[in-house]
Amino acid sequence: MNGIGDTDRARETQVEVKNLVKHFVQRGGFLRRNPRIVRAVDGVSLKIEHKKTLGLVGESGCGKTTIGRCILRLIEPTSGEVYFQGTDVLGLSGRRLRRVRRDMQMVFQNPFSSLDPRMSVLSIVGEPLQTHTSLSHSDVRDRVVELLEQVGMSGEHIYRYPHEFSGGQLQRIAVARALALNPRFLVLDEPTAALDVSVQAQVIAQLMELQRELELTYLFISHNLTLVHYVSDTIAVTYLGKIIEYAEADQIFDNPLHPYTQALLSATPSLDRALRQQRVILSGGVPDPANPPPGCVFHPRCPRATEQCTKVEPHLVDVGGGHLVSCHL
Amino acid sequence: MDQPLVTVRDLRLHFRTYAGIVHALNGIDLEIHEQDMLGLVGETGCGKSMTGVCILGLVPRGGEIVSGSVVFRGEELLGKPKSYMQTIRGAKIAMIFQDPSASLNPLFTIGQQLETVMRRHQPADKSQMRDRALDLLKVVELPDPARILKTYPHELSGGMKQRASIAIALSCGADLLIADEPTTDLDVTVQAQILDLLRRLRETQGVAILMITHDLAVVAETCQRVAVLYAGQVVESGPVDEVLFEAKHPYTRALLQASPKRSSRGQPLQAIPGTVPSGLQVLEGCAFSPRCPHAMEVCVQPPPRASVTAAHAVYCYLYADSEE
């Protein structure tokens, strides 16, 4: 890493999302006359720099997976803009979209369901190569062996099927598949939620090594705040389809400003002895995203809510040093 | 110290499968005291759920308890007839499961399900049972108990369903509550509520809790004592502060180093090399020795119990000389 060109590239924005909105319409009632609109993602903007990891944390139903899928256009966002290396992803179609997709890949939460049980490892990892390149059979096989070795597995596994592997091995295979086309950007959607801690440690260590080696950019989605803090450079905390706090990973942990982030931190069980402090326990659960509360979406559960919070919706404001928070306080 | 509420000694459970005999539990030793909160931690397949199930006498089909004893209040439970166990289960020892939407019956209201358990163990007339049900829902801090009685499980959120299933488990004044991953399916903020509730129930209801979980941090936050399981054996047990912060057994240490901590950011997570043994092999010596960085020749023999302090025991040759 030397020369001015490299530093410039390091600061380059790899992925930028502006005001992303995804509403799902649920039809219900007699003759489906009462559609309910679920605001899964409601105006999310974020930026990920080259070779960095953005952690996206939040509880179930806060829209974190939907954000990841919208960026890759696995589902079509209702509105908003997504840029990948300066290209407007939402404006692309056909061949040009396929070209961009080679550079953006996803690893899903549960490898037991994301890998086809009837396909061998060779076809699972080789499938993207067959779709996107014109490599010969033997070249595909060589590349698959190389990929498996890259994720710390032996190349002799290529003729085996998913049921012959453990969860950690399957997740490595899923990572190998995602890496097949030399992507620049990976969306990791809860990649270790289905794994035991010792296996999680192996997979996380592998992912971080691959990021260094292959200069990858990650969007790391998880509900586990400690894990996100561990892997990310910046963290975005989401609640009910909105980003409510956005800052450097250490800033979020050492100086959380939003009451929700504070509650989330204090609710997270910790192994650090010094951190077993008095906790803020929130009442209730996450509200129905089809019918979000007026004003600040968090106010019904917020221990410090005021009159203003029930009426006026706060916006993300920079409180210094790139630490953004959406709260009236 | 007074007699423990439950003593489990040398519990061995085998499953007969086409591939051979699976050794699920290989000599579990546990003690649960009155009003204790004991954490049972370990990774997938280490036998933590099976231990809970064996205490209740609910061995799944194909399983066979080969040896061992489970003594509850001075009375041996293994080998007791089914009908007798039915008077213990739900009344003296109750269980809550990981997924409340699977453990609650979707076709009956919460009130009906509470009543079913009460009618089985402590029959009373309808209005008395209803009053008791209302009290229980108040104990588990559900808002508007009268309304909750008439709701079906699908109308409640995950956290509320788990509260309702705790109410059902407590309905007959159980002395021991076996909680099998009670918060694994819940969000962190809701998990914190449920853990807080369980902690308070231990004090207010005088119930002992066996907390089965894979999450060391949950144990650190809630339990007084902990037993770490590996391949169907207890490898280390003792007070939480000693076991988790002055871990002795190489497996406990490895597990702690593999868990991300706030203070460990920037340092690589230490993965444990190798994989958990399959259970099909007969384990002669220490089950962890093939993956252990400190393995010695002597580790092919069963590890001895070494006392670190009066309450803190570790099963490992590294500490064997401290036994004298």
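Residues are numbered from 1 along each chain as its sequence is written, while chains are lettered from A and ligands numbered from 1 in the order in which they are written. In this predicted model, local features need pLDDT of at least 70 and side-chain atom pairs count only at pLDDT 80 or more, whereas totals for chains, interfaces and linings use all residues.

**View 1. The open sheet of chain A is built from eight strands.** Follow the strands in the order β6-β7-β8-β3-β9-β10-β12-β11 and you will find mixed pairing. Strands are DSSP runs of E with at least two residues, helices are runs of H or I with at least four, and both are numbered from the N terminus; two strands pair if DSSP finds at least two bridges between them. At the edges sit β6 (104-107) and β11 (317-318) of chain A, each pairing on one side only. Helix α11 (residues 259-267) of chain A packs on the sheet, where it touches β9 (234-239) and β10, and its direction makes about 100° with that of β9(A). Such angles run from 0 to 180 degrees between N-to-C directions, with axes fitted as lines to C-alpha atoms, for helices over the stretch in contact.

**View 2. Strand β10(A) has antiparallel partners in β9(A) and β12(A).** Six bridges join β9(A) to β10(A), and Tyr239(A) stands opposite Lys242(A). These two strands form a hairpin with two residues between them, and Leu240(A) in the turn has a positive phi of about 50°. β10 (residues 242-248) also pairs with β12 (residues 324-325) of chain A over two bridges; here, look for Glu245(A) opposite Val325(A). Six of the seven residues of β10(A) are buried, so this strand is largely enclosed by the rest of the structure. (Buried means 20 or more other C-beta atoms within 10 Å of a residue's own, exposed 12 or fewer, and partly exposed in between, with C-beta atoms placed from the backbone.)

**View 3. Pro191(A) lies in the loop between β7 (185-189) and α8 (197-214) of chain A.** Pro191(A) counts as buried because it has 29 C-beta neighbours inside 10 Å. Leaving aside neighbours within four places in sequence, its contacts are Val107(A), Gln171(A) and Val203(A); contact means C-beta atoms, placed from the backbone, within 7 Å. Pro191(A) and Val107(A) are 84 residues apart along the chain, yet their C-alpha atoms are separated by 6.5 Å.

**View 4. Chain B meets chain A through 37 residues, in contact with 31 of chain A.** Of the elements on this side of chain B, α8(B) gives the most, with seven residues.

Note on methods. Contact = placed C-beta atoms within 7 Å.
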